[in-house]
Amino acid sequence: MAFTKDSEIKIKEDIFWIGGDDRTAGLFEGSFPIPEGVSYNSYVILDEKTCLLDTCDISISAKFWRNLRHALDGRKLDYLVIDHMEPDHGAAIVQVIETYPDVIVVGNSKTFDMLDNFYQLKPANKLEVKEGDVLCLGKHTLKFVFAVMVHWPEVMFVYDEKDRILFSADAFGTFKTLSGALYSDEIDFDRDYLDEARRYYANIVGKYGSKVQAVFNKLENVPIDMICPLHGPIWRGENIGYIMEKYILWSTYEPEEKGVVIAYTSMYGNTAAVADKLALMLKAKGVENVTMHDVTRVHPSYVVGDAFRFSNIVLAAPTYNNNLHPTMSAVLEDMEIMTVQNRKFSVIGNGSWAPQSPKIIEERLSAMKNMTKVGETFVIKSSMRPEQLPELEKLAEDIVASMQ
Ligand code: FEO
């Protein structure tokens, strides 16, 4: 890769990546921790007409402007295509229009509504497109494929018929910076990025699985040689099949693999001790994939990410104020919102005098779509007694059996 720090990168003869990494933000959307940062991608096509596909987050605007000016090399900008209006890609829209007053802004009716809502802006030069419309830049013809609710209602993918590139907005993106790599085949994605890609999908697009499927259906017979998302690495060649396979599983709520995520809250270590013991029993019975989260210490997005990954979920929490401990309630709320479904679940509760947590966990998990309870609810009163071990062993056996 001809990488020059802070300069545009040629991804095709006349197409350039002009994105950048952000390692300064602590939270994405003011909500999701991004300890490994995030990248914001945008692209420029230099054809008979010049075209910018999306802008940037404000955190990388200086890089974006350096890259854009360098890529255009004195040419004027003819088109600004807005795939997605979320400000992590739209922070420079106003300045782009001010800098290139003749630019034609390309979007759909919802794009222009949002442009007005966010920036009180009604561009003088605009091209409002509909599903399937095309825009010819010279050698490149761009086709607009609406991707409603992947992740917002105005989102549209753009397909370049010449180079068979799908500009996919938020889809196929990930948390985590690129750190010098631009393509997924330049990194060990499975080892270093997949967990963050899954957490990104599950928490950003996860509830819109049917919408993801709808746009996949529209693209079924479209040849794609490269996928250029707005976050994370570019996908090309055979690697496209890898991420498509993940997206098909995630968007149909099928687990990626057999395994157990155990998420627990513990006030004085007694509920944690049960969770730990169960994990030991599961491993001893041959379960390869067991992941644990102390939800007093991790953001719910990590639990939701692993709920999309594994076949089995175990939630363990104490009773609190005759209710469920609020940290576990927050996890369940995120699972509800992101429509976690089609999983097997088991429940562990704790209550010193009136255990309410197991009942509440079970009710809330059971209310999610296509969820199957495995084993008997395991309840302790303050701490686990030695005589309860066979009961916990039975729960472990039931979980193992459910994975066969
Ligand atoms: Fe990366 Fe929905 O914005």
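Student: How many salt bridges does a search of the whole structure find?
Tutor: The search finds 23 of them. Keep in mind that this is a predicted model.

Student: Okay, give me one. What does Glu-256 form a salt bridge with?
Tutor: Its partner is Arg-198, and the closest N and O atoms are 2.5 Å apart. Glu-256 lies in the loop between α8 and β18, while Arg-198 is in helix α6, so the pair ties together parts that are 58 residues apart in sequence.

Student: Is Arg-198 buried or exposed? And which is Glu-256, buried or exposed?
Tutor: Arg-198 counts as buried, at 2% relative accessibility. Glu-256 is buried too, with a relative accessible area of 16%.

Student: Let's move on to Glu-336. Which residue does Glu-336 bridge to?
Tutor: Glu-336 forms a salt bridge with Arg-364, with 2.8 Å between the closest N and O atoms. Glu-336 sits in helix α11 and Arg-364 in helix α12, so this pair ties together parts that are 28 residues apart in sequence. As for the surface, Glu-336 is partly exposed, with a relative accessible area of 32%.

Student: What about Asp-398, which residue does Asp-398 form a salt bridge with?
Tutor: That would be Lys-394, with the closest N and O atoms 2.8 Å apart. Both are in helix α13, four residues apart, which puts about one helical turn between them. In general, an α-helix has 3.6 residues a turn, so residues three or four places apart point the same way. Lys-394 is partly exposed, with a relative accessible area of 43%.

Student: Which residues do salt bridges with shared partners join into one network?
Tutor: Asp-195, Arg-198, Lys-246, Glu-256, Glu-257 and Arg-309 are joined that way.

Student: Switching to rings. How many aromatic pairs does the structure hold?
Tutor: There are 19 aromatic pairs. One of them is Phe-118 with Trp-152, a stacked pair at 6.1 Å centre to centre and 5° between the planes. Phe-118 lies in helix α4 and Trp-152 in the loop between β13 and β14, so the pair ties together parts that are 34 residues apart in sequence. Phe-118 is partly exposed, with a relative accessible area of 36%.

Student: And how are the rings of Phe-172 and Tyr-247 arranged, what's the angle?
Tutor: Their planes are at 35° and their centres 4.5 Å apart, so that pair is tilted.

Student: Which residues form one aromatic cluster?
Tutor: The cluster is made of Phe-172, Tyr-201, Phe-216, Tyr-247, Trp-250, Tyr-253 and Phe-308.

Student: What about charges over rings? Which ring does the charged end of Arg-236 sit over?
Tutor: Arg-236 has its charged end over the ring of Tyr-183, 3.6 Å from the centre.

Student: How many bridges join β15 to β16?
Tutor: Three bridges join them, and the two strands run parallel. Leu-166 stands opposite Ile-227 in β16.

Student: Last one, Asn-41. Where does Asn-41 lie, and is Asn-41 buried or exposed?
Tutor: Asn-41 is in the loop between β6 and β7. Asn-41 is buried, with a relative accessible area of 0%.

Student: Which backbone oxygen does the Asn-41 side chain reach at 2.8 Å?
Tutor: That's the backbone oxygen of Gly-232. The backbone oxygen of Pro-229 also lies 3.0 Å from a polar atom of the Asn-41 side chain. Leaving aside neighbours within four places in sequence, Asn-41 has contacts including Trp-17, Thr-55, Leu-178 and His-231.

Technical notes: Residues numbered from 1 in each chain as written. Predicted model: local features only at pLDDT ≥ 70, side-chain atom pairs only at ≥ 80, totals over all residues. Heavy atoms only, no water. Salt bridge = Lys/Arg side-chain N within 4 Å of Asp/Glu carboxyl O. Buried < 20%, exposed > 50% of the residue type's maximum accessible area, 1.4 Å probe, protein only. Pairing = 2+ DSSP bridges. Phe/Tyr/Trp six-rings, centres within 6.5 Å; stacked < 30°, edge-to-face > 60°. Lys NZ or Arg CZ within 6 Å of the ring centre and 35° of its normal. Polar contact = N/O pair within 3.5 Å; in protein donor to acceptor, adjacent residues only side chain to side chain. Contact = heavy atoms within 4.5 Å.
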